[in-house]
Amino acid sequence: MRFVYPWVLVCLSLLPLLGALGFWTLARGARRLSAFMSPELQARLAPPRRQAITVAQAALTLAGVALLLLAAARPQWGRSEERVQTRGRNVVIALDVSRSMLAADVHPNRLERAKVDIMDLLDELRGDRAGLLVFRGKANLLCPLTTDRAFLRQVLDGISTDSAPRGETDLAEAIGKSLEALSAAFDENNAILLITDGEDLAGKAAAAAQEAAKRGVPIFTVGIGDPEGAAVPAVDGKGVLEYQGQQVRTRMVESTLEEIARISDGAYIPLATSGTASTTLGAIYRQHLTRVAAREQEERLERRYMERFHLFLIPAILLLLGAGMLSRGRLASARRAERARPARTAGPPAIVAALAVLAAMPLGARAEGTNAAPAAPASVAATNSAPAAPPGREGARIAQKLYRKGEYQAAADAYLAAARGVEQAEAARYRYNAGLARFKAGDLSEAAVILLPLSTLPEQTAAAELLGAAQFRLADPTVATSAVARAQSLERAGTGFQQALRAAPAEPRHTRNLSRALKGLPEVRQAAHIEKVLAEHGQTPPDQLIARMLREQRALLEAAPAAFTNPAPAMIGRLESLGERQERNADLWIPLKQALLTSPALTNEQQRAFIAERIEQTRDSMRQGAERLADLDGEGIGNLAQGEQTAYDFWRLLSAPPALVDEDIAVQTNACAHPDKPLFAQRPDQPEAAQLTALFQERFPAWADQVQAQAQADTNAPTLTPAAREETERLTEETLALQTRANQDSEKDGRLLLQEQALKNLHRIRELLPKQPQQQQQQQQEQQQQQQQQQQQQQEQQQQEQQQQEEQQEQQEQRQEPPPDVQEVLRRALQREKEHEAEKKRQMRDFPMSPGARDW
């Protein structure tokens with residue numbers, strides 16, 4: 001509510017205040033005089049005195065309510081003005097748009113280069129006003145002096161050779177129009193920036209420069225083009241413009257521009273050509289135009305009306321408090337008055353209304369203190385004989401006594417009991433004290449449970465810090481039962497310390513606590529991750545681990561190139577999914593490394609160090625590939641191939657003869673079907689098949705002895721008969737010879753016959769080997785699990801794509817388009833604007849010229 005004559009309102013509001021103060025003074029004086037009177041006189045004057053007190057109380061209440069109502073109306077009055085002085089220059093940019101500016105001796109042409117440099121100049125205008133003028137046969141002011149750089153950019157973007165009337169280039173017309181655009185009263189602050197190739201076909205530029213010199217306006221000429229000259233494009237853009245049967249060539253005439261600058265006390269600056277781009281209009285502005293005097297420009301700013309509600313609110317509060325003090329129902333004698341006579345209110349109802357209005361006024365937030373119980377020197381176990389604490393302050397007093405005795409558990413229980421049924425702020429204080437008591441008792445887990453909901457509340461910095469301390473102690477290796485528990489506790493400790501730091505960033509203790517919590521977190525997280533992987537795969541045999549890793553790596557290597565061919569949304573989701581699979585597959589090196597390093601096959605520390613180093617290098621490479629896939633980097637495929645090769649090398653070291661035969665069959669089959677396209681580019685098929693057969697031949701005897709021993713110990717175990725063993729050894733030797741000859745045979749048909757016979761022998765060997773039911777079932781289960789995972793990932797990807805499409809459709813539907821009639825009006829307005837611009841350009845092109853005029 002705004003008031004034109006606010007002091008009249010203030011004076012009127014002071015009348016009841018003065019009257020109330022008078023009554024209050026009389027009442028207080030009568031009360032003081034009664035102390036010197038006799039009892040009879042006091043009894044005689046008591047009724048009038050009580051009446052005076054009642055009247056004063058009523059007057060104070062009415063005055064307070066009136067002032068509260070005025071304050072609630074939020075009165076506003078008063079405004080002030082101030083003058084702000086700014087300094088700036090006035091610059092008119094005159095741009096040549098004749099046909100010679102289309103010459104391509106500057107990339108892409110002179111006009112476009114000039115427009116780009118003017119854009120650079122606009123970024124340097126800080127407080128300066130600029131106007132934009134184009135000229136050809138005539139000059140055309142497109143933008144008067146303004147500080148609106150956005151509008152200047154918009155106008156500049158639409159400039160073409162049709163922006164000015166056609167005709168012979170007239171530099172004098174451009175200078176004259178520029179002087180008209182500049183106010184003559186501030187010529188010491190004015191300047192002209194003339195951007196042209198210097199061809200003045202009209203020949204009147206020197207006279208116009210003398211006129212500018214008389215007014216004291218310097219002209220800074222900017223030459224654009226090559227003095228050697230360039231051809232002018234034809235009107236239709238095809239070929240070269242011709243005049244009287246000769247091709248027209250345009251050259252930058254530096255002498256004309258230097259003369260204009262010298263006469264007007266300006267400067268001539270040639271713009272850089274396409275070969276050197278160090279000179280720009282921005283640099284020219286900083287070096288030359290800043291020497292033009294800056295004019296002080298005055299602007300008047302009007303402030304908003306100011307709220308004056310506090311001028312009424314503060315007296316209203318004082319009046320209502322005074323009325324309450326005159327009340328006969330004093331706080332000190334309230335209980336005695338209730339026993340002696342019927343209950344009376346502590347003050348008039350207006351006080352309650354005043355407090356309600358006070359709570360609604362924006363006078364600032366109330367600060368709430370946190371009453372933390374004092375720390376005790378030692379921790380003592382809670383006693384079972386602790387009395388049950390009632391809710392509220394009584395229970396808090398009991399809890400505080402228990403805390404001081406060192407009975408922390410009992411104190412915590414009492415604080416929790418006291419927190420029931422009280423206000424939220426009071427309950428938060430009691431729960432904090434309960435958490436502190438649990439912390440002192442060493443019950444860190446329960447302390448963290450109590451403090452966690454408090455740490456997110458405002459003004460609970462102490463709770464957040466205590467939560468961080470409890471979690472930090474829980475992360476101690478002597479307390480935490482596992483690395484996973486340590487990592488979780490450290491993360492929660494960091495969260496608590498971080499919340500405390502946000503609430504009190506100036507406190508250095510919070511910074512130190514957060515640094516301590518985060519210092520060892522990466523190592524603990526890594527240990528927790530290794531612990532999880534070992535718990536999941538630690539009992540799996542090494543040959544099964546490496547076989548699973550190799551299958552998954554080959555599946556990733558096959559799926560990654562196809563994922564890069566998908567559309568953008570699908571490609572992002574697909575590659576992120578492949579990156580996660582690669583990350584999980586790289587984790588299989590953790591249990592495999594543990595199994596290999598503890599294997600008795602490694603006889604010295606050098607072998608163990610070599611194996612450990614190679615595994616870590618491969619794991620790092622695979623994880624790097626996962627990150628690259630997630631970042632849509634095609635180089636991640638190279639990391640996949642490197643991981644497959646290392647996994648294959650370890651697989652060959654650990655695999656049993658049945659697995660070697662299966663791989664040998666796959667490689668030999670591809671060698672027969674696709675001799676020019678190996679399964680893996682880094683391993684030719686036929687030499688690899690021969691190496692696999694040699695490995696089978698080397699490991700088969702020991703494996704066969706092991707199978708025979710198991711068959712003797714367990715009658716249900718598969719067995720290998722002597723005849724089958726003898727045939728297997730014979731076929732293996734024969735197959736190895738065939739594969740060796742196939743590697744050496746250069747004739748295609750002969751090599752194919754050898755390969756087919758070797759493949760036939762391998763299938764026969766696979767039939768002779770004993771079947772391992774458990775192993776087959778396990779492999780089938782693993783394959784089924786992998787297939788299920790792939791199907792689930794595909795379904796999730798499809799769901800994500802569908803969800804994205806639905807969100808896009810919802811966003812399109814939620815866009816509130818204007819009604820059809822409004823759309824039609826806007827469309828017609830834009831169409832008319834385009835037609836108007838097209839008509840202006842047509843008039844410029846059709847501007848009449850004198851016979852024989854040179855339009856370039």
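**Notes on a predicted model: pairs, bridges and helix packing**

1. Start with E199: its side chain makes a polar contact of 3.1 Å with the side chain of T250. (A polar contact is a pair of N or O atoms within 3.5 Å; within protein, one must be able to donate a hydrogen and the other to accept it, and residues adjacent in sequence count only if both atoms are side-chain atoms.) The E199 side chain also reaches the backbone nitrogen of R251, at 3.2 Å. E199 and R251 are 52 residues apart along the chain, yet their C-alpha atoms are separated by 7.4 Å.

2. A word on the ground rules. This is a predicted model, where local features need pLDDT of at least 70 and side-chain atom pairs count only at pLDDT 80 or more, while totals for chains, interfaces and linings use all residues. Residues are numbered from 1 along each chain as its sequence is written, and side-chain values use heavy atoms, with hydrogens and water left out.

3. Where does E199 sit? Look in the loop between strand 6 (190–196) and helix 6 (205–215). Helices (H or I, at least four residues) and strands (E, at least two) are DSSP runs, numbered from the N terminus. E199 has 10% relative accessibility, so it counts as buried. For reference, buried means under 20% relative accessible area, exposed over 50%, and partly exposed in between (1.4 Å probe, protein chains only).

4. Helix 7 (residues 254–263) is worth a look too. Its buried residues are T256, L257, I260, A261 and I263. Among the elements covering them are helix 5 (171–181), strand 6, helix 6, strand 7 (219–223) and strand 12 (267–270). Contact here means heavy atoms within 4.5 Å. Just after helix 7, D265 takes a positive phi of about 65°.

5. Next, T693, which is found in helix 26 (residues 685–713). Is T693 buried or exposed? Its relative accessibility is 2%, so T693 counts as buried. Its side chain has a polar contact of 2.7 Å with the side chain of Q739. Leaving out residues up to four places away in sequence, T693 touches D664, T732, T735, L736, Q739 and L762.

6. On to charges. Side chains of opposite charge can pair when their charged atoms come close. How many salt bridges does the structure hold? There are 26, a salt bridge being a side-chain nitrogen of Lys or Arg within 4 Å of a carboxyl oxygen of Asp or Glu.

7. One of these is the salt bridge between the side chains of R614 and D649, at 2.8 Å from N to O. This pair links distant parts of the chain, with R614 in helix 23 (residues 605–630) and D649 in helix 24 (residues 636–654), 35 residues apart. R614 is partly exposed, with a relative accessible area of 29%, whereas D649 counts as buried at 18%.

8. R683 and E644 form another salt bridge, with their closest N and O atoms 3.0 Å apart. Here R683 comes from the loop between helix 25 (657–673) and helix 26, and E644 from helix 24, so to speak bridging distant parts of the chain 39 residues apart. Both residues, R683 and E644, are buried.

9. D662 and R766 also meet through their side chains in a salt bridge (2.8 Å, N to O). D662 lies in helix 25 and R766 in helix 28 (residues 748–768), so the pair ties together parts that are 104 residues apart in sequence. D662 is partly exposed, with a relative accessible area of 37%. Elsewhere, salt bridges that share partners join R554, E644, E663 and R683 into one network.

10. Finally, helix packing. The axes of helix 14 (residues 424–441) and helix 15 (residues 444–455) come within 8 Å and cross at roughly 155°. Axes are lines fitted to C-alpha atoms, for helices over the stretch in contact, and angles run from 0 to 180 degrees between N-to-C directions. That angle makes helix 14 roughly antiparallel to helix 15. (Angles under 35 degrees count as roughly parallel, over 145 as roughly antiparallel, 65 to 115 as roughly perpendicular and the rest as oblique.) Residues in the contact include A428 and Y432 of helix 14, and I450 and L454 of helix 15.

11. Helix 14 also packs with helix 12 (residues 393–405): the axes come within 12 Å and cross at roughly 20°. That makes helix 12 roughly parallel to helix 14. The contact is made by R393, A396 and Y403 of helix 12 and E426, Y430, L436, A437 and K440 of helix 14.
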